[in-house]
Amino acid sequence: MLSISGLSKCYKDKHALENVSFDLDRGEIVALLGANGSGKTTTVQSICKLIEYDEGTITLDGEPTHSSNAYLQKVGAVLGGSRNINWRLTAKQNADYFARLRGFSGTKIHQNINELHSALGLDEHSKKEVMKLSTGNKQKAALLCALSYTPDFVLLDEPTLGLDFQTVDDLQTIIKQCANKQNQGLLITSHDLAFIENICSRVIVLHQGKLLFKGDVSALKSKMYKYRLSLQLNDRQQFPLASMQSLWDGRFAITENPETQIVDVHFETSEQSLKFIHHIHEQKISIAELKIAPLSVDEAYQALVKSEKQ
Ligand SMILES: Nc1ncnc2c1ncn2[C@@H]1O[C@H](COP(=O)(O)OP(=O)(O)OP(=O)(O)O)[C@@H](O)[C@H]1O
Ligand SMILES: [Mg+2]
């Protein structure tokens, strides 16, 4: 297990990270979320020893990582796109070079690189130097390097940046295989919350360098309301907000967008919406549109950060 405990990092007098602690186990995919500047990249850089942190400890299976020479063989990372790979080599040559740098070579490594190269759709570009690849394919080459020696833990800082829809889909499959088949633990930062929701079981949320939330995706969602009902009326006068309020039990929140005139109700249990719909039907209230949907991780996360700012 990779354990991060009390991690702090200052740039001049500003805290980039303040007392951040979390664990990452083999076989799990964890999202590291947060607004721009919240400390995600600083966390990833600290874990893969690209920067010195000021306080805290990072251990791998109980061993402090700063004194372990073998540590970097067990961690692979993609940071800031493809800037750290050699642009004059092909993707495969880069992967081979990266694996050798970490002390890995031989048939098994080559087989792994070849399989990943195909899975990433890089075969048709196998002869091109990285500098001649498109942005998305450069990103894939960086990913190939990080995964080439099958490290126990993989850190991906915004891996979907610049990737097209199909490649994001392929990447999801590859990431799931890393966790499920190779038992690798993955920590992924992304602003693409749909991508995160598809692959991650747990999320860690940073806010201004501090840990705001850690737990299951479902726990993040349940911190907020579970459902949202959106209602557009044909005659807004017919159903004033005050009378809508009396129809809900338990925890709920009603908001109206004055521009679209759509009323949103956030609530806890699906039965509550049935009572509401029953009332609309009975009173013959004329509606233009009604939608009920479970809250996405995106909405739960935005609400969490918003509530912290208030
Ligand atoms: N080399 C540096 N020198 C000074 N300040 C830095 C440096 N690197 C990061 N910071 C600051 O540390 C804080 C955290 O930055 P970090 O890059 O970790 O955020 P992030 O969550 O990755 O943001 P983004 O979503 O934009 O990638 C920010 O306030 C940033 O300005
Ligand atoms: Mg970043």
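A helix crossing is called left-handed if the near helix is turned anticlockwise from the far one by less than a right angle, and right-handed if clockwise. Keep that handy, as helix α2 passes helix α3 in a right-handed crossing.

This is a predicted model, where local features need pLDDT of at least 70, side-chain atom pairs count only at pLDDT 80 or more, and totals for chains, interfaces and linings use all residues. Residues are numbered from 1 along each chain as its sequence is written, with chains lettered from A and ligands numbered from 1 in the order in which they are written.

**Helix packing**

Helices (H or I, at least four residues) are DSSP runs, numbered from the N terminus. Axes are lines fitted to C-alpha atoms over the stretch in contact, and angles run from 0 to 180 degrees between N-to-C directions.

| Pair | Angle | Axis distance |
|---|---|---|
| α2 (residues 91-101) and α4 (residues 135-147) | about 30° | 8 Å |
| α2 and α3 (residues 107-119) | about 140° | 11 Å |

The α2 and α4 angle makes α2 roughly parallel to α4 (that is, under 35 degrees). The crossing of α2 and α4 is right-handed. In contact here (C-beta atoms, placed from the backbone, within 7 Å) are A91, N94, A95 and F98 of α2 with A141, L144 and C145 of α4.

Turning to α3, its I109, I113 and H117 meet A91, K92, A95, D96 and A99 of α2. That contact has five nonpolar, one polar and two charged residues. Ala, Val, Leu, Ile, Met, Phe, Trp, Tyr, Cys and Pro count as nonpolar, Asp, Glu, Lys and Arg as charged, and the others, Gly among them, as polar.

**Around ligand 1**

Y11, A16, G34, N36, G37, S38, G39, K40, T41 and T42 surround ligand 1 (C-beta atom, placed from the backbone, within 6 Å). Helix α1 (residues 40-47) gives the largest share of that shell, three residues.

**Domains**

The domain assignment gives domain 1 (2-221) and domain 2 (225-294), and their centres, taken over C-alpha atoms, are 43 Å apart.

Methods:
Helix = DSSP H or I, 4+ residues; strand = E, 2+ residues; numbered from the N terminus. Parallel < 35°, antiparallel > 145°, perpendicular 65-115°, else oblique. Contact = placed C-beta atoms within 7 Å. Domains from an automatic or database assignment.
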